[in-house]
Each structure stands twice: as structure tokens, then as C-alpha cells.
Protein chains: 2
Amino acid sequence: MSSSESKFDVQQLALPHVVRLHAYAPGLQPSEPGWIKLNTNENPYPPSPRVAEALRGEIGKDGASLRLYPNPKSASLREALGRANQLEANHVFIGNGADDVLNLLVRCFCTPAAAAGFTLPSYSLYPVLVGIQDGRTLAVEFDRSMRLPSEAIAGSAASVFFLTSPNAPTGVGFRTTEIEALLNHYQGLLVVDETYAVFAEENAAGLVARYPNLCVVRTFSKSHCLAGMRVGYALANPEVIGLLDRVKDSYNVSRLSQTAALAALADTDYYAGLVRKIRATRDRARQTWMDQFGWFTYPSQTNFLFTEPRDRTGRTGLDVARGLYDFLCTQKILVRHFGSHALTSSFLRISVGTDKEMSVLQENIEVWLKSA
Amino acid sequence: MSSSESKFDVQQLALPHVVRLHAYAPGLQPSEPGWIKLNTNENPYPPSPRVAEALRGEIGKDGASLRLYPNPKSASLREALGRANQLEANHVFIGNGADDVLNLLVRCFCTPAAAAGFTLPSYSLYPVLVGIQDGRTLAVEFDRSMRLPSEAIAGSAASVFFLTSPNAPTGVGFRTTEIEALLNHYQGLLVVDETYAVFAEENAAGLVARYPNLCVVRTFSKSHCLAGMRVGYALANPEVIGLLDRVKDSYNVSRLSQTAALAALADTDYYAGLVRKIRATRDRARQTWMDQFGWFTYPSQTNFLFTEPRDRTGRTGLDVARGLYDFLCTQKILVRHFGSHALTSSFLRISVGTDKEMSVLQENIEVWLKSA
């Protein structure tokens, strides 16, 4: 062998677009206890007791089953989700969280020539995933009304369009009739990201059987209190599912994650109860903030509220939102502030916690209002 | 909105190379009980009892912690793996199985212009991952000696080279001095895939601190009896780790997978005992097949054996190997046959099971030898 002459330079060797990437910044996950965590839209309640029971069953006495690979296609979970949505199992794909599913969709449909579209504001991961793929992005702007910009989406040249429905971080929901109209006019694959749809009045799952250009993406994270287990899924026509199966990791979902999701899915009563509770807490908080504080707050179809804080002098804006964010941090209450977009910078996104957490939040807002 | 005129055609819309892909075919995972599974190199023993204990602890009474996102970087596990390998935590990346790590390396380094290299035969997932990326492959052939083709690797123009060490499916190990010589001569990033290195006499982890062009990839699947939990990792210089962090999924490893891996890593005595046991079973089986059956069997540094069956008439070849494979299937014993490459088609790859499983295998081979 002849000796290598040039010095190794990973920045030269790696793909230029990867070297330039900035990683997605997830919400803070404080490691010490005592925080009220209203920043990443986790469900404030524990999962169904059947989840812990099923996990203990799978682990058994000595964890012996863990030495074996999981089912590579999460076959039982595909069947169960098919049944739950009046679809065949071949309409279902299981991913390592919904983020995995979104990433695979970008890998199947997006290039520098074939754009991936999304609205602004919406889930800030989409452009990050497109950046990893070195693809082209196509952003469609909301206005402050947050009405669905249907014409712009339908007329866009994007090969795939990611529509967060209900939207994040605004919480605003869209009508299924609006989604259906889009499906009849848009020429690409419409990915309806229903991360929060369980808290909404409507969803688009019923359209999957009829529209081959629809892919509904969901997650067990929020709806089933399993953010820690990383299970997401897609509902779409079998051709789209077949593409995802070709680009996924062979064993992408662990045994225990499959077990947890299956057990959760079976306990519909428990989760229906949680959804009722979270909606009630959400709607009460919104009413209070509007009536008592005079804060504009979008009607929410999710498990969070997007509100525009107003200080005691009546001012709103980025500084006011940031001021409240910082004050709450000092009180060990975490919420989320998206400062970089004109439609979000004067708002805070606040996850719906337990009634007790929301009371503590309320008290602290009142303290801030007196002090600010 | 103007109505969509063309009919939706997912095959037209998806990226052409994705439409042409064939998915990786993992080894069979029979769902019914009663099989002796020697086809996917799982560890035949349960994980350390500390794993089940730690998982029960994390699940607690009601699984409440599962509602929270996992640590996005698997920070505790990075620190523990750094300590275990005399490296800082910033030399460690955690993936959703080693396959996730390999996939991310392809995404960082491989394009149609910048090839990813690998040996033939070796892990058949590499070209699949390169295909998903629409990248160029560069294959370096072994000859039947299975000696490391160092000149060809060092002289190759591949940006990244995947070297399975010890190799699969042959089980043949390489000297660390050979790896080090490669690192001094090859101009790209050398990924040393040490999936099976725990069963070998040497490994390359000690070179990571000194060679910025080395990335060692490992998994808890085989070494720690946790194939079901999907935890793999990379040891490399912080610049390479930083690239992987930019392209990974935000929350790529579940809470319970992090918990299981951390608990396993702490029980070094238990796993040292398993490795001794598996090596002893392996070496006994090889000796028997060579001495009693006259089967050529590569010396193995892994938890499987690559053996060339010879029928009662003394014949070897694809038909003989396939014949034994089929016969064992009828006896509910699964092994692996790679029929598509000249250097593998007359061989079977047989995972090292428990002593009892290996006895049953032995008896069945003897039956086949009489009947074939």
C-alpha cells in the first residue's frame, strides 16, 4: 500500500449540504425534577394501565424475548391500526415515531428538483428533513386568520405537501371538506400530519380509502401518552406504503414499542376519557385568558394553546411574549416561544397540562401581570 | 381552485430510484413457537437480569414516564459508552440499531459521485442503503482465502468504506494491525462494522482516539442479547459524530431502549460469561463439523459459523447447501443460505445457539447425511 499523502478532512469528505446543516432543535427536556413541562405537547396523563401490564408481560421474568429481533414490519400493529381505521393492513406503515415516517416520505418524494411544500408557520421539522435530503422547499404562508391557504397549496408545484392538521403551533383545525377539496385539486401527494387530530373535531382518515394521493401521518406520542416509546404511523394507499417499506430501516420499531402501542390501541375507553378531559381543560384555559386577561388565543383543536400575551399596560409583541416566557422559566414552568416568524413571535405555545398544572400556570401569569 | 386534470400516479411522482428499489430481505422471523432459530445471529441467552429489573423500574407502576420524550441524544448512554471505551462522550453516537447508524453514514458521505465501498461478501444491507440514497457502490471482492484485500480498499476512490470486522457471513476476523495499516493508507472514512467484535480476539476501538478517519459501529443486539430493543452506536472523532447528529431523527431511541442498553452495559461480568460460553460452543461445533463430517468451515471470530456442507457422497456446492437448508427447515431449524455469490453459495451460515440447540442441529445433520 502506498501511504496516504493528504491529511484526512471530514469537512471536505462529507456531503457539502450535510456539513452546512443545522440540527433540529427539539424543546428543552430538563433532566432535574420539579419543572412544569408545557413545552413539547406531551400528554400530561400516564398511558393506559394496560400498557405497563403488557410491557411487563413481554419482558417476563428475565427479558428473554428481548434477545430476538422485533417483527420487521410491526405486522400485528399494522393489522390493529387497519381495523381501527376501517382499512386493510396494507394501508398502514409503522415508523420509529411520526418523525421517522415524515423523513421517509421526504426520501421518497423530494429532490433539488421536486420540492416538498409546507405552510408557514407549521411543524419546523419539515424544512430540516428537506435540508438533510438536499431538497427544495416550497413554503406557503398563512395570514393571521390562519385560514387554510387552499388555492396556494393546490396550485403549488410541490411533489409532496406536508399539511399539519390541526396546525401547529397555532392549534387551528381545518374542515375535512377543505382537505377533500385539496385532494381533488392538488397534483402531488398530500401528507396530512394528524399528530394532534385526536383532540380535534374531525380528521381525514376516512378519506384514505378513496384518495390515493393522501397520506395521513399520526403518532402515539400525544394521543396515547407514549412520546417516550417512539411509534408513529402512516395511513395511505398500498403503493405509497410500499415505497415507505422500501426505504425504512429493516427493524425500525423495537419489540417493546410495538407491545406498548398495541396495548394502548386496545384501550379506547381510557383514551376517550383523556381526550375529553384535555379538551375541557384546554377550553377553560382559553376562555379565562381571553375573558380575564384579554389575550387573543386561537381556537384550539389540539392539546395546546397559541396565545398572544398582553402585559399590564396592554402591549403585545415579541418582547412581551419573550418576557413572559423568561418569567415562567424562573418559576420552573416551560412553554415554547417561536421568535423567528412574524405570525408567531408575539405568541406563546402552551401545552395543556393537568388541571393542577394549569392552575399553577394561571397563578404565575397573574403574578407576572402585576410585576411586568 | 382549478380541478386537477391528470390522474394521480405515485410511480410517476416518487423518485425513480426509489420506485426501482428492492427492500432488504431480513432473515425469517417465524411467529409460531417451536423453531430453533440459527438464522439471524441473535444471542441464544437472555440479557442480564439487570435489564429486566431496570425496565420494570422505568415502567414503574403505571408507565407514567413513557408519556415524556426520551433524551434526544441518549446522553447517559453516550457517557457510559465513552467511559467503557476510554473516550469522551463526544466520540459516541447512539442509533436506533446499528442499521440506523450505517444508514446515516451513507446519508452523510455517499452520492452518485462519491461512492460507498464494501467487500463482497459482507453485510448485504450496505448496497441496499446506498441504493436508497441513489449513491454509487464500489465493491471489493474477497477470494476464498478471505484475507483482507487491503491494497484494493486502500487504493479505492470510495468516500466511505464499510468493512465488516469480523466479516459476515464468513466469520473471519482481521488483525487490528491490518486495520491500522488501512487507516494510514486509505483516503476516505473507514467504517469498521464491529457488530460481532465482542466474540473476536481483537477490535479497533482503541484506534478511535488516534484516527479521525475511523468510525467503529457496534450494536447491543448480539453482544448484549438485545436485538429486540434496537440500540446501536458509533465511536468516532467528534466531527464525524457531529455530522451524524445533524442527520439523525430528533428522538431516535426510545426511553426503554436507552434504559435497557445502560443496564446491560453495567453488567460486564454477566456478558463476559456469555461470550466465553458462546465461543466454546462455537469452537466445539466447528471442530466436530471439520473432524466428523469433513466440512470446510472458516475459523470464526463471531457468534456464527460459515460452513460448506458435504453430502454423504462427498459433494459440495449450491445444491448441497440448499438441500441441507431445506431439510433443516422441515425439522424447524432455521439457518441462512446466501445463494447469489460464488463465494457463499456452497456455504450455510449457522448462528451459534445454546449447547442443546447445537446438539439437536448435530443430530439432524447426521440424519440428513444418512438420507441425502
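Predicted model: local features only at pLDDT ≥ 70, side-chain atom pairs only at ≥ 80, totals over all residues.
Contact here means heavy atoms within 4.5 Å. Chain A is divided into domain 1 (10-46 + 269-371) and domain 2 (49-266), and their C-alpha centres lie 23 Å apart. Across the boundary, 33 residues of domain 1 of chain A are in contact with 36 residues of domain 2 of chain A.

Together the two domains bury about 2,800 Å², with 63% of that on carbon and sulfur atoms. On the domain 1 side, A:Y24, A:Y271 and A:Q301 lose the most area to domain 2, together 26% of what that side buries.

## What lines the domain 1 side

Two elements, α12 (268-293) and β10 (304-308), each give two or more residues to the side of domain 1 that touches domain 2. The largest share, 7 residues, comes from α12(A). Sorted by class, this side has 17 nonpolar, 11 polar and 5 charged residues.

The count of salt bridges between the domains is 1.

## A:E308 and its partners

A:E308 forms a salt bridge with A:R144, side chain to side chain (2.7 Å, N to O). The side chain of A:E308 also makes a polar contact with the side chain of A:S346 (2.7 Å).

A:S346 itself is found in the loop between β11 (333-334) and β12 (348-351). Is A:S346 buried or exposed? A:S346 counts as buried because its relative accessibility is 10%, and buried means under 20%. Beyond residues up to four places away in sequence, A:S346 touches A:T307, A:E308, A:P309, A:G317, A:L318 and A:A321.

Conventions: Residues numbered from 1 in each chain as written. Chains lettered and ligands numbered in written order. Heavy atoms only, no water. Helix = DSSP H or I, 4+ residues; strand = E, 2+ residues; numbered from the N terminus. Buried < 20%, exposed > 50% of the residue type's maximum accessible area, 1.4 Å probe, protein only. Polar contact = N/O pair within 3.5 Å; in protein donor to acceptor, adjacent residues only side chain to side chain. Domains from an automatic or database assignment. Buried area = accessible area lost by both parts, 1.4 Å probe. Salt bridge = Lys/Arg side-chain N within 4 Å of Asp/Glu carboxyl O. Nonpolar A, V, L, I, M, F, W, Y, C, P; charged D, E, K, R; others polar.
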